[in-house]
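User: Please examine the model shown below and answer a series of questions about its fold, its strands and its pockets.

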Amino acid sequence: MPSRRASHAGSWYEGKGEDLDMQLSKWLSDASGSNHRPARAIISPHAGYSYCGSCAAHAFSQIDPNTVEKVFILGPSHHFYLKECALSPTSTYITPLYNLKIDQEVYQELYGTGKFRTMSQSVDEDEHSIEMQLPYIAKVMESKKGQFTIIPILVGSLDQASEKLYGEILAKYMNNPNNVFVISSDFCHWGRRFQYTRYDEQHGEIYKSIEALDRKGMQLIENLDPEGFYEYLAAYKNTICGRHPIAVMLNAVKTAQNGNGLRLEFKFLDYKQSSKCRVHSDSSVSYAAGSLVAKS
């Protein structure tokens, strides 16, 4: 089987392994004060690292490599229209640090549900939402290099029934403390170039209105409330590009907690904006990092 090249290395993030390692190490060190671990799932942004790398570190620092054997990565499809979820045609994802092996056994289990298709290699390599998680995964898991696998899943434009279905399929994996889910999402994309300029003046400047809007959605995620999250998206149309992966996670949590005594808790640890919008000609993208843990 072929390997997926690191198609965004050298542009969206450092292409040289040594430079990338130093950058990630610094961000992880800076984020060491965040503590909501060991993570069963994280939400992490997927923009260029110059914009969101420091934010992402707050999520990835919650992963305990000593317990993790499988890393599920759910990323939205930005360029290719999908109504379902798709799996990679490759066996290995290349990163500037070291290569990550796809878990073909889990892939076969997912194919066995009849609900997953295979994306083409060009779709896989064009998409950035999964790739932008890979260097951080390699870094935080470096002590277990060669001893863990990844399960990349490209999430399409799902309706609510499909999000619930995929959540139910993935819940059994979330139940396993040796698995961690990486949910790839940015938050509000604000500005005319994104065709989204909602502004509530009661919050003050535009960037403060954007943050208030994002935090309203973040609170529903912390509440692990898929129905509330749907109502929020319907009411405000916030341009959260990973809303479908997030909704799949929320539905997986709901199923995983149903009747087996498992109690999960989500907490956001960092929030940033690419710039502070003050006039309507400005634009920005928001980034948030959070962690889901099991409570005894």
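Analyst: The secondary structure of the protein comes to nine helices and 12 strands, where helices (H or I, at least four residues) and strands (E, at least two) are DSSP runs numbered from the N terminus. The model is predicted: local features need pLDDT of at least 70, side-chain atom pairs count only at pLDDT 80 or more, and totals for chains, interfaces and linings use all residues. Residues are numbered from 1 along each chain as its sequence is written, and side-chain values use heavy atoms, without hydrogens and water.

User: What radius of gyration does the protein have, against the value for a compact globule?

Analyst: The radius of gyration is taken over C-alpha atoms, and the globule rule is 2.2 Å times the number of residues to the power 0.38. For 296 residues a compact globule would therefore have a value near 19 Å, and the protein agrees with this at 18 Å.

User: How far apart are the end C-alpha atoms of helix 9?

Analyst: The expected span of a helix is 1.5 Å times one less than its number of residues. Helix 9 (residues 243–256) has 14 residues, so the span should be 20 Å; the end C-alpha atoms agree, being apart by 20 Å.

User: Which residues of strand 9 point the other way from Asn-179, Phe-181 and Ile-183?

Analyst: In a regular strand the side chains alternate between the two faces of the sheet. In strand 9 (residues 179–184), six of its six residues are buried, meaning under 20% relative accessible area with a 1.4 Å probe, protein chains only. Opposite to Asn-179, Phe-181 and Ile-183 point Val-180, Val-182 and Ser-184.

User: Which residue of strand 9 is the bridge partner of Phe-72?

Analyst: Two strands pair if DSSP finds at least two bridges between them. Strand 3 (residues 70–76) runs parallel to strand 9, joined by five bridges. In strand 9, the partner of Phe-72 is Phe-181.

User: Which residues are the closest to the centre of the largest pocket?

Analyst: A pocket is, on a 1 Å grid over the protein atoms alone, an open set of points where a 1.4 Å probe fits, with protein on both sides within 12 Å along at least five of seven lines; lining residues have an atom within 4 Å of a point. The largest pocket has a volume of about 300 Å³, the space filled by probe spheres set on the points, which are joined across faces, edges and corners. Of its 16 lining residues, the closest to the centre are Pro-76, Ser-77, His-78, Cys-241 and Arg-243.

Conventions:
Buried means under 20% relative accessible area, exposed over 50%, partly exposed in between (1.4 Å probe, protein chains only).
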